[in-house]
Amino acid sequence: MPCEVAARFLILYGSQRGQAQSIAEEICEQAAEYGLTADISCLSKQDKYNVDSEIRPVVFVVSTTGDGDPPDTALKFVRKIKNKSLPHDHLSHLRYALLALGDTNYANFCNGGKTIDSLLQRLGAKHFYATGHADDGTGLEVVVDPWIEGLWDALKKTFSGMSASNQTDAARSDCTQDNNLKNASGQEKNKSDLEVDLHLLKLSEVHSQNEKTVTSDSSDAETHSTTLVASLKQSVPPLSESVLKVPTLPPSYLEVVLEQASTEGETVPSGKDGYHEVSISKAVQLTQDDAVKSSILLELDISEQDVAYQPGDSFDILCPNRASEVEELLLRLDLQMQRNCAVQVSLLKNSSKKAAKVPLHIPQNSSLQFILTWGLEIRSIPKKAFVRALADFTRSSSEKRRLLELCSKEGSADYNSFIRDSNVCVLDLLQAFPSCLPPLSLLFEHLPKLQPRAYSAASSSLQHPEKVHFVFNVVEFPACPEHPARTGLCTGWLVDHISSILQPLGTVPASECLGTSALPKVHVRPRPNSTFHLPSDPSVPVVMVGPGTGVAPFIGFLQQREKEHEMNQEATFGETWLFFGCRHKDKDFLFREELERFVHNGTLSHLIACFSRDEPDAAGTVNRPTYVQHNLLLHAKNVASILLKDKGCLYVCGDAKNMAKDVNDTLLEIIGNELQLDKLDAMKIVAGLREEKRYLQDIWS
Ligand code: FAD
C-alpha cells in the first residue's frame, strides 16, 4: 500500500489539571487543516517518544504547578534532561517550540515551561518558533490562540528548511511505524467541515439559505444595529456582519449508551483516591451577620481515620454539583427519564481524534445522575472548541451563527466578556440558546473532571487531637445578564450541608449534644505541603502575613507553638509576628479571641491588625494602614532585620490576586530601602529568600 507522506511533527505535553493536554490536543487536531500530521504524547510516557533521537520538530505544551514547578507528569522528563553528565550538544539535533502555561497571580510565572525551555537550550536544542507564555490570570487564550496561529507558518518554514531527505525519512519512518494513517481521512473531513462552515458563515448566504425567521432576525438586527448592545445571545456590527474564522470542529470520540439497569446504592467512593469520609463535628460562624463576607469554621472528626497532618498542610474536599443545576441540565438535555440509567462509555470507532481515551473520571455503570453530580465540573467555563461543537447541534441558524461568532477569531472579545469573564457554564449556554440540543457524549468529551477544593488546616493536632479545623469564606456571585445569582460550588454546598449544626459566633457548639450519626459527613483527603511549615528550629523568628481566611494556617502554627511552649518551657522561641487584616474590627476579625490569647501568653510576640473599611478613629489618624502591606511598611525595620540579620522566615497566605502581589512589592521596597539597592538587586535578594525557603507563600485565587 503506498504510504502518504505528510509533514509530521511531535507534540509533547506536561499537564497538571488537563489544560496543557487539551491545548496540545487542539494543536494536534488543527494540524490536519494545515496539511501536517501530528503525533502526541504525554511527557510521562517515555516509552512513546525519545527526544535523544527525534528528528521531527517537537512542540512542547507545559503547565506550571505548586511554587513554579513543572507538572508531576513532566518530572521524569525534567530529571532526564537535567542530568549534568549529558554533553552540551546532546540535543543539538532537536528543533522545538514551547508553549508555557502559568498564572501571573502566582510567583514564578510559567516556570514549569521556562525550566524545560532552559534545560533544552543548555543541551543545544534550537527553537524553531518563539516560546509563548500564557497567563491564566488574564485568560490563556489571549496568548494561546495567536501562538497556535503563528505555529503553522513556523512549522512549514522548518519543514522546508529541513533537508528533503530528513523530512522524507521522518515521514517514512513514522509511516512504517503507523501505517494506519487514518489522519489522512480526518484531514479531508476537517478541511471539508471548515469549508462548509466558512460558506455558511457569510451572512448573505445565511440569509438566502435559512428559514424566514432567521432572515427577519438578521434584518431586524441590521435595522436596529445602532441601538443594539452586544450580549451573550446577540452580536452587533461589525461582528454580526463579519465572515468568521472558526476553530476546526473537534472530532467526536465517545459513544455513550444508557442502559435500563439498577444503579441504586451509589455513594461517593470512600477510600478511593485517598479520600476519607469524616463527620463535621462543629461548624461555627466566625463573622457577624452584617459582615460583607461570611466566614465559617468547620471542625472535622478524624479519630476513626488514619489521617495525619501538620499545620501548613491543606485538605481536599469533595463536593457535588448543585442538585438543582443537575436537574436543570437533565431537563434541558431531555434526559430526566434516563437519570437512573447505567452509563456505558466507549470509544467511537473510526474517530479521527488522536490518542483518544475514555475519561477516567466517568465511571462505567454509574447512573447518569451520579456522573453529572460527582464526575463532571458542569460549572466550568466552556472552551472555544466546546462552543464550536455545540454550534453543530443548534437548529436555529441565528443561534448557531451567534455560537460560531463566540468561538471565532473575530468574536474573541465577545467570548472573553460574555463567556469567560462572566463565568458562563454549559447550562447558561443551553438556556441562552434554546435550540441547541447536544448529545450526552459531547458533554462527556468537553466537561472536565469535577475538582476537589482545598482548604488550609487551621489547627494543630497537638492542641486538637483527632480533629482538624478549617475556615472558609462563602463565595458569592451576584446575578448578571448571563446567569442568576450563585454561591461558589463547594462553599455554597458546605453552607447548606452544615445548616443543622451551624452555631452563631460566640455560642456553645450544639454538636456536643448530637450523636455522631446525626452529624453531616464530608469526604476529605490530606494535601501535604512540602515547605509551608514552621521552621524545625523554634528559635528562628517568623513573620506571618495572613489577612482574612489567609490567617488559617497561622492559627495552626500558633496552636503548635503554644503547645510546644507548654511542653518545653526551657526552649528558646524566636519572635513571632502576625500581620492580619479584615474589613471591620467588630464584624470579621477572625479568631480575635484566640489571637489575643496567643499575645497574652507570649506565643505571639506582635499582632498587627488593620481594618480596611472602618471609619478613622476618634483621633482621626491620617494615613492609617488599610491593608497588610501598609503595616509591613510601617514595621519595615523589624521585618528587614528578621529576614536579613536573624535568618528568619516570612510566610504569606491568602488571596493570590491582589494581596500576595502587593506584599511582594512591599517586600522589594523594604529590602531595597534597607540595603540601599535598586529594584533589580532587591529582586535577587527576594529570589534568594525563596530559594532558601525563607519566603514561603500559600496563596489561592
Ligand atoms: P467556585 O465555584 O470554584 O468558584 C471559585 C472561583 O470561580 C471564583 O473565585 C471565580 O473566579 C470563579 N467563578 C465561578 N463562578 C463564578 C460566577 N458565577 N461569577 C464570578 N466568578 C465565578 N479558601 C478558603 O476560604 N479557605 C482556605 O483555607 C483555603 N485554602 C486553600 C488552600 C489551597 C492550597 C488552595 C489551592 C485553595 C484554598 N482555598 C481556600 C480556596 C478554595 O479551595 C476554593 O477555591 C474556594 O473556597 C472557592 O470554592 P468554591 O467551590 O466555593 O467556588
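Phe580 stands opposite Ala609 in S20. The model is predicted, so to speak of its features, local ones require pLDDT of at least 70 and side-chain atom pairs require pLDDT 80 or more, while totals for chains, interfaces and linings use all residues.

Strand S19 (residues 576-582) pairs with S20 in the parallel sense over six bridges. Helices (H or I, at least four residues) and strands (E, at least two) are DSSP runs, numbered from the N terminus. Two strands count as paired if DSSP finds at least two bridges between them. Five strands form an open sheet with parallel pairing, in the order S20-S19-S18-S21-S22. Its edges are strand S20 (606-611) and S22, each of which pairs on one side only. From one strand to the next the twist averages 10°, based on axes fitted as lines to C-alpha atoms, for helices over the stretch in contact, with angles from 0 to 180 degrees between N-to-C directions.

## The ligand and its surroundings

The ligand is surrounded by 20 residues, the closest being Asn423, Ala454, Tyr455, Cys490 and Thr491; a residue belongs here if one of its heavy atoms lies within 4 Å of the ligand. By class, the shell has nine nonpolar, eight polar and three charged residues. Ala, Val, Leu, Ile, Met, Phe, Trp, Tyr, Cys and Pro count as nonpolar, Asp, Glu, Lys and Arg as charged, and the others, Gly among them, as polar.

| Residue | Ligand atom | Distance |
|---|---|---|
| Asn423 | nitrogen | 2.7 Å |
| Tyr455 | oxygen | 2.7 Å |
| His483 | nitrogen | 3.2 Å |

Taken alone the ligand exposes 970 Å², of which the protein buries 77%; accessible areas come from the Shrake-Rupley method with a 1.4 Å probe. Two or more shell residues come from each of strand S12 (453-456), strand S13 (467-473), helix H16 (489-497) and strand S22 (695-700). S12 gives the largest share, four residues.

## Aromatic pairs

The whole structure holds 19 aromatic pairs, counted where ring centres of Phe, Tyr or Trp (its six-membered ring) lie within 6.5 Å, with planes under 30 degrees apart called stacked, over 60 edge-to-face and the rest tilted. The ring centres of Phe554 and Tyr651 are 6.5 Å apart and their planes stand at 65°, so this pair is edge-to-face. It links distant parts of the chain, with Phe554 in helix H17 (residues 552-567) and Tyr651 in strand S21 (residues 649-655), 97 residues apart.

## Backbone exceptions

Most residues other than glycine have a negative phi, and most peptide bonds are trans. The peptide bond from Pro237 to Pro238 is cis, with omega near 10°, and Pro238 is placed in the loop between helix H8 (212-223) and strand S7 (254-259). Gln676, although not a glycine, has a positive phi of about 55°; Gln676 lies in the loop between helix H21 (659-675) and helix H22 (679-691).

How values were computed: Residues are numbered from 1 along each chain as its sequence is written. Side-chain values use heavy atoms; hydrogens and water are left out. A polar contact is a pair of N or O atoms within 3.5 Å; within protein, one must be able to donate a hydrogen and the other to accept it, and residues adjacent in sequence count only if both atoms are side-chain atoms.
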